[in-house]
Number of protein chains: 2
Amino acid sequence: MNKKVSLKDIAKAVGVSTALVSYVLNNKEKEARVGKQIAEVIRKKAAELNYQPNQIAKSLKSGKSFTIGLIVADISNPFFANIARTIEDEAKKNNYTVIFGSSDENAEKSQDLMDVLIKRQVDGFIIAPTEHTEAQINYLNASNIPFVLIDRYFPEIKTNYVITDNFKAAYQATSHLINNGYKRIAMIAYKSNLIHMQERIKGYTMAIKDHKVKSVKPLLFEVAYDHAELEIQKQIESLINGGQTIDALFFATNTLSIYGLKFLNNKRLKIPDDVAIVCFDEGDAFDFFYCPLTYVKQPLIEVARQAVKILVNQISHPKQDETQVLLDSDLIIRESSRKTK
Amino acid sequence: MNKKVSLKDIAKAVGVSTALVSYVLNNKEKEARVGKQIAEVIRKKAAELNYQPNQIAKSLKSGKSFTIGLIVADISNPFFANIARTIEDEAKKNNYTVIFGSSDENAEKSQDLMDVLIKRQVDGFIIAPTEHTEAQINYLNASNIPFVLIDRYFPEIKTNYVITDNFKAAYQATSHLINNGYKRIAMIAYKSNLIHMQERIKGYTMAIKDHKVKSVKPLLFEVAYDHAELEIQKQIESLINGGQTIDALFFATNTLSIYGLKFLNNKRLKIPDDVAIVCFDEGDAFDFFYCPLTYVKQPLIEVARQAVKILVNQISHPKQDETQVLLDSDLIIRESSRKTK
DNA sequence: ATATAATGTTTAAACGATTAAGTTAAAATT
DNA sequence: AATTTTAACTTAATCGTTTAAACATTATAT
C-alpha cells in the first residue's frame, strides 16, 4: 500500500510544524492563533494531498475510538440484521462506527467477541446477551465500560436495556387465539432461561390459565437452539401421530416460525383450517404465506434507536444512572388466526 | 471508564521495563532471552490484572489494523446479511474484524463510508459497488489499498472480484420458462447500469431471442431502487389493465420478488395458473409461498469465502495479480414455473 | 524607552505498544 | 587475570496525533 499522507507530510510540504497543521485542520485556529494566510496554505495542501486523518492515532491519543461493538446472536437473522441496520444509521449520525459479531447464542463465542472488541477499544457495547453470560455483563459493569442490552436482559443485574414487553405480547397473542375460539393451543419456544423467552412462555401460560376455558391447557414445546429445525419437526410429527390434536400453534420467534411452517407445509396441514398460527417477529414471508400470518410486530427500529441514544449518552456522561426501556409490540392480526366457525 | 491495564501497569507491578513485558506476552522470550522465572511472574501478573493489549496502539505501531471494511447496499437485506455473516466468520479465522456500512446504492454514501473506513485504517475492503463509484474504485487501485468486489464489478477496471455468472443464470431461468411452455415472459429488474443487473437482463433477452418461438418477445420493466415497490405495483397494474397479458414473470432480485409477489397476491393473481414465477436469490419466503417458488440460488457462502480469502492473501502479498472468480448459480425448480398443460 | 501584551509559531511530551540497540553482570574462554 | 561470550534486562525511538508550554516577534501601553 502507498504510504498514507500524514500531518508530517503536510507540515514538510508547507514548511511548518505538525502542530500548526493539526490546529488548522481541527479548526482550532482561533484558540491557537494561527495566521490566516498560512492556514489557507495548509488547508489547500491537505486537500491537494487528499489527507485523511489517521483515526487510530487519534484514538490512541484521545482514548476514544468512536466505535460501537455490536454483539447479536446471528447477524444473518433478519431480526438482528434489521436492528443492525438501524444501529448503523443512528451510530453514524453520532459519528460512531459499528463493529459487529455473532455469538450464535454461545457464551464462549460471546466472550471471545467481547475480548476482541475490548482490545479494539470500542467505546461501548450494544449486546443481545446470550445465556450464561452474566459474568461477562458483570465484568463490563465492574470495568465501567458503557453498554446497553437489547432484546434480553438479566433481571438480577442492574444494567441499561431496551426490550419489548414480551409477557404482554405473548399474553395478547395467546388471548387472541383463545378469543377466536381455539381450544388446544400449543407453543413452540427455545429451551432457554433468557428472560425474553421465559416472558413469552409466561405470557402464553398465563393467558391460558386466565381464560377459564377448561379444555384449554398449556402445551409447551421447547427446542434447543442448535438443533431447532430437527426438534421442531419431531415435536410436530409426534403431535400429529400421537393423536394429540392441536388447533393452534404459537411460535416464539421468526426462525422457529419458519422451521415450523415449512414442516407443516410438508405435512400438508392447512392453515388455519387444520391449525391456526401466530408468530413472533416479522419476516417478509409472513406477508405472503398462502394464508397471511398473524404476528407480533416488535418495534425494532425503536429498540435500535433508543439503544444507540442511551449508549452514546452514557459514553459522554459516564456517571449516569441506568436507563431501562420497555416498549410495546403490536399484534398484527391476519388470516392465520381467524375465528373458528 | 476505569483506566485500562497497560503494559506499563504490569511492568510497574512486577518491577521491570515494559519491553520485557512485551516480549513475554508476545512469546518472544527466546529471541529476547528473557529469564524463566521473571517470565512466569509477568505472565501471572498479566492474567491477574486481566490485561487486554490495546489493539489501537498495536495498529499504530504496526501499520496494520487487522480490520476489513465491508460495504454493501443494505445490511438488512438478507442477501447481504448472509454474505456478511460468512465474511465475519471467515475474517475471524484470519484474526480480522469486520466494520460494515450500507451504501443504499448511493454513490455519495459509498464515498462517505469509504472515507470513514480509510481513516480507520482498514487493511482492505470487500465491496458490493454501487453505480457511479468507478472513481472510488480507481482511487483504491491508485492508493494500492487491497480490495475485492463482490456481486458486481466494473468491466473496464482491473480489480479482484468474486461474482456469479448472472448472464448464465438468467439465461437458464428464462429458458426454463420457455421450455415449460410460457410464451409471454416479462422481467422486472432494477434500472441500473451495474453489470450484475445488465447481465441478468442480457441473459433474459438472449434466451428469448435464441428460442425462436415467435410469440415470445422480451418484455422488460425497469424500476428505480429508491421507489421500487411503488413502481412495481404500477408496472404490474398497467400490465394487467393494459390487456397486455403475460403468463410468466422473472424477478431480478429477492427484494423485487417480494414486492412483486405481495402485489400479485393483492390482485388475487394465482401462481402459477395466472402467472408463472422465477426469482433471483433466496428468501425464507420462497420455501413456503403457497406455491413453492422457482429461484436462482447464488452460492453466497462461496462468494463470501473466496472474497475473504483473496483479500487476506492480497493484504499479505500486495504485489499479487488480480484474482477474478466467476461462480455458477443453481436454478431451483419448483411449482411456480411448472409446465403449462 | 521600556515594560506589557498580543500574535504567530515551534517544541516536546503523551497515548500504548514494539523492537533495535545498548547496558550490565556473570560465566566461559584464553 | 584478562578477555570474550552469554544471558538478562533497560533505553529510547517510533507509529500519527494532540496540546500545553515555550519561544520569538511585533504591537501597544506606560
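Modeller: Two strands are said to pair if DSSP finds at least two bridges between them, the elements themselves being DSSP runs numbered from the N terminus (helices are H or I with at least four residues, strands E with at least two). The model is predicted, so local features need pLDDT of at least 70 and side-chain atom pairs count only at pLDDT 80 or more, whereas totals for chains, interfaces and linings use all residues. Residues are numbered from 1 along each chain as its sequence is written, chains are lettered from A and ligands numbered from 1 in the order in which they are written, and side-chain values use heavy atoms, leaving out hydrogens and water.

In chain A, six strands form an open sheet with mixed pairing, in the order β7-β6-β8-β9-β10-β12. Its edges are β7 (219–223) and β12 (330–332) of chain A, each of which pairs on one side only, and from one strand to the next the twist averages 15°. At one end of that order, β6 (residues 185–190) of chain A runs parallel to β7(A), the two being joined over five bridges, with M187(A) standing opposite L220(A) of β7(A).

Helix α9 (residues 166–179) of chain A touches β6, β8 (248–251), β9 (276–280), β10 (294–297) and β12 of chain A, and its direction makes about 170° with that of β9(A). Helix α11 (residues 228–241) of chain A touches β6, β7 and β8 of chain A, at about 150° to the direction of β7(A).

Turning to the contact between the chains, 57 residues of chain B meet 57 residues of chain A. The area buried there (accessible area, 1.4 Å probe, lost on being put together and summed over both parts) is about 5,300 Å², with carbon and sulfur atoms giving 59% of it. Four salt bridges (a Lys or Arg side-chain nitrogen within 4 Å of an Asp or Glu carboxyl oxygen) are found across this interface. R85(B) forms a salt bridge with D104(A), their closest N and O atoms lying 2.7 Å apart. Among the elements that give two or more residues to the side of chain B touching chain A are α6 (78–93), β2 (97–102) and α7 (107–119) of chain B.

Over all chains the structure holds 40 salt bridges. Another pairing joins K92(A) to E88(A), at 4.0 Å from N to O; both residues lie in helix α6 (residues 78–93) of chain A, four residues apart, about one turn of the helix.

Key: Axes are lines fitted to C-alpha atoms, for helices over the stretch in contact, and angles run from 0 to 180 degrees between N-to-C directions. Contact means heavy atoms within 4.5 Å. Buried area is the accessible area (1.4 Å probe) that two parts lose on being put together, summed over both.
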